[in-house]
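Me: I have a structure to go through with you. Can we start with strand pairing and then move on?

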Amino acid sequence: MVEPRNTEIHAGRRPSSPESLKTGFVLTREFRVPRQVLWSALTDPRKLAIWWGPRGATNPVCELDPRVHGALRIHSQNPDGSIFPVTGTVREVDAPRKFVFVLSVAFPPGVVPFEVLHTLRFDEHGGTTTLTLEAQPLQTTPASLEWIAGADPGWGESLERLAELVQAGPGEAVRARA
Amino acid sequence: MSAATLRTENDRLSSTFSALADPTRRAILARLASGEASVTELAEPFEMSLPAISKHLRVLEGAGLIARRKEAQWRPCRLEARPLKDIAHWTENYRQFWDESFDRLDAYLREVESEAKHHGRTKKH
């Protein structure tokens, strides 16, 4: 297995120090674009729908209101047909430097969601932007236990949303690569 | 897998996350990584009462992160590796989700850039 670059995973190493037992991870990537461009790709739901998820995933539902207390909702469909739904709330917006949100993440698909705090930092140097994602699991909420019962109806709703999107015109959201 | 089984598994994962959120409990686990220890030994590095340490140990025990031997009179605590492996597994899967997303984000940004260049060349002005 290839060792991930620029990645720090806290949990799971031999717990030789308290620091090595922290949960969550930090992921750092460089993108050769100004941070305003990167900011837009992450906070504009039409652009988010194009790249969110692993290879082959499409996002028939991708909603994001990038303001404090704004809602986020993405239903991502994998090539095998499984759905990975997330819902969340925006916590902090400091455009184009910092974007903080909490997601209820049902991962792997089908499990009771966890609340995970996501902090994205954008640092630009000479036209290249370093993006740092810090993901910190919080804990299961009572609401997330109720959520599991409604997971399947949610997918029916996704299809309706997809139909709405397609009817609305050839926006970027429907260009998500297969 | 039934919803009830999933719920139990996730409750366990959730209680592991909660247990690991506290720095004192992380320090206790790190100490136990080098071998069994009694409550008194575990309390030594902290300016905390034995009842306070015992409370942390109960949380760790509830999350399945430690086990206490019943046969010995001093009931030593030892580390249980399974919940830590579960957490590591979850974390690696979710990290990979973002890593692959960022691959696609990079590809998308390059595509937009090359389209913009192409558009620039074919512009009339």
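Me: Which residue stands opposite A:Thr132 in S8(A)?
Reply: A:Thr28 does. This is a predicted model, where local features need pLDDT of at least 70, side-chain atom pairs count only at pLDDT 80 or more, and totals for chains, interfaces and linings use all residues. Residues are numbered from 1 along each chain as its sequence is written, chains are lettered from A and ligands numbered from 1 in the order in which they are written, and side-chain values use heavy atoms, with hydrogens and water left out.

Me: How many bridges join S2(A) to S8(A)?
Reply: 7, and the two strands run antiparallel. Strands are DSSP runs of E, at least two residues, numbered from the N terminus, and two of them pair if DSSP finds at least two bridges between them.

Me: Is A:Thr132 buried or exposed?
Reply: A:Thr132 is buried, at 18% relative accessibility. Buried means under 20% relative accessible area, exposed over 50%, partly exposed in between (1.4 Å probe, protein chains only).

Me: Other topic. How many disulfides over all chains?
Reply: The search finds 0, taking a disulfide as a pair of cysteine sulfur atoms within 2.5 Å.

Me: And where do A:Cys62 and B:Cys77 sit, buried or exposed?
Reply: A:Cys62 is buried at 14%, and B:Cys77 is buried at 0%.

Notes:
Helix = DSSP H or I, 4+ residues; strand = E, 2+ residues; numbered from the N terminus.
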